[in-house]
Amino acid sequence: MQAFNLQSLLRPHILSLKPYSSARDEYTGKEGVFLDANENPLGSVTESGNYNRYPDPYQWAIKQRLAPIKHVAPEQIFLGNGSDEAIDLLIRATCRPGIDSILIMPPTYGMYEVSAGVNDVAITKVPLTPDFQVNTDAVLANITETTKLIFFCSPNNPSGNLLSAEAIRTVLEAAQQSLVIVDEAYIDFADTPSWTNELANYPNLLVMQTFSKAWGLAALRLGMCFASEELIRVLNKIKPPYNISAPTQELALEALAHEAGKNELVAKILEQRAILAENLRSLPTVQVIHPSDANFLLVQFDNAFAVFEHLIQEQVIVRDRSKVTLCEGCLRISVGTQPENERLMEVLRNRLNAPISTDLPLGTGEVATKPELVSNA
Ligand SMILES: *Cc1c(COP(=O)(O)O)cnc(C)c1O
């Protein structure tokens, strides 16, 4: 089998593309009289600091601090305006519209499909098995010469579970003409090592993470990619020059100096996840609580839509996933603070005590008739 070759993965015009050379590319010194970028020399109209200078296009300060945490070189890191920007850039770098395709495993994160759609790129769907694991044989059987990207989401959204490492490894080894992406948005909540540890073994691997979940910085829009230096150079070449704003870079640096704080947040959420799963288990309308390695629970209810509507009426908002492949009757519930989770439980219990008419018939509440509830929480 031919070994992975980045050149043949990329769209031909991307290979030969000359990137925009920004003012900050051409002179990288810190000191000087800066008359090169048409900035406002006087400052900003804001009171909370000056933002009149363009930010570092390559975010080196963040990468220097992030690299030792992730055990990669700074040159192996790409930062995007959310993981969503990285997904879009990866598709645009590799997939010829109308010709190439990506492979995804539903139920999974919606942005892979949206981004492919925006770029007129076809999608091959190989559903997970009913226990939300990789159907390895079917994945292998569906990889063709035009399959440029294979997306694994682990822990998976919306099911919450880690995908089998063995399955991912098998695909990494077999798919030598494709780039294998492991989206680890929820890795901090899982008790397993990151695939970043395997980057040296697999040049066709790219790992995605984000500041949006465990770090509690969704509003900043900051996603991370870890891959070979060669591939990261390509992403840097095609990204918008100043894709990460200065305030985002400042706040990310501040966050990275408090990694222990992130770990504390994660520990609190995991504690609440266990309590929430335990409480949900006691409800007769709850059929299944899927095992979670993330900061949410996928929960199957009797009459999920009625539960969803009732929650909304009480201003408790969860995600209705009941129409999604393999998620029939399921709501996805993010783990909240203790008071938020208690409020959720209160509303769910109240509904059982005073069911609204459209809800009927309700389950009998006989615990013995319920399927075995599983949760590793
Ligand atoms: C939340 C989430 C992300 C994060 O996206 P950002 O654009 O970085 O906020 C990425 N992948 C998955 C699977 C997610 O659920």
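In this predicted model, Q300 stands opposite C330 in strand β11. The pair belongs to strands β9 (residues 296-301) and β11 (residues 330-334), which run antiparallel and are joined by five bridges. Both strands are part of an open sheet of four strands, ordered β8-β9-β11-β10, in which the pairing is antiparallel. The edge positions are taken by β8 (286-289) and β10 (319-320), each of which pairs on one side only. Helix α12 (residues 304-313) packs on this sheet and touches β9, β10 and β11. The direction of α12 makes about 35 degrees with that of β11.

Residue R321 is located in the loop between β10 and β11. Apart from neighbours within four places in sequence, R321 is in contact with P158, L298, C327, C330, L331 and R332. R321 also lies 9.7 Å from S159, C-alpha to C-alpha, although 162 residues separate the two in sequence.

**The seven-stranded sheet**

A further open sheet is formed by seven strands in the order β1-β7-β6-β5-β4-β2-β3, with mixed pairing. Strands β1 (77-80) and β3 (122-125) stand at its edges with a single partner strand each, so one side of each is left without a neighbour in the sheet. From one strand to the next, the twist averages 25 degrees.

Within this sheet, β6 (residues 205-210) and β7 (residues 223-226) pair in the antiparallel sense over four bridges. The bridge partner of V207 in β7 is F226. Helix α5 (residues 83-94) packs on the sheet and touches β1, β2 (101-104), β4 (147-153), β5 (179-183), β6 and β7. The direction of α5 makes about 155 degrees with that of β6. Helix α6 (residues 111-118) also packs on the sheet, where it touches β2, β3, β4 and β5. Its direction makes about 170 degrees with that of β2.

**The ligand and its surroundings**

There are 13 residues around the ligand, of which D183, Y186, S212, K213 and R221 come nearest. By class, the residues of this shell divide into four nonpolar, five polar and four charged.

| Residue | Protein atom | Distance to a ligand oxygen atom |
|---|---|---|
| S83 | polar backbone atom | 2.8 Å |
| T210 | polar side-chain atom | 2.7 Å |
| S212 | N or O atom in the side chain | 2.6 Å |

Taken alone, the ligand exposes 390 Å², and the protein buries 94% of that area.

**Backbone geometry in the loops**

Most residues other than glycine have a negative phi, and most peptide bonds are trans.

Methods: Residues numbered from 1 in each chain as written. Predicted model: local features only at pLDDT ≥ 70, side-chain atom pairs only at ≥ 80, totals over all residues. Heavy atoms only, no water. Pairing = 2+ DSSP bridges. Helix = DSSP H or I, 4+ residues; strand = E, 2+ residues; numbered from the N terminus. Axes fitted to C-alpha atoms, helices over the stretch in contact; angles between N-to-C directions. Contact = heavy atoms within 4.5 Å. Near = heavy atom within 4 Å. Polar contact = N/O pair within 3.5 Å; in protein donor to acceptor, adjacent residues only side chain to side chain. Areas by Shrake-Rupley, 256 points an atom, 1.4 Å probe, with all protein chains shown as cover. Nonpolar A, V, L, I, M, F, W, Y, C, P; charged D, E, K, R; others polar.
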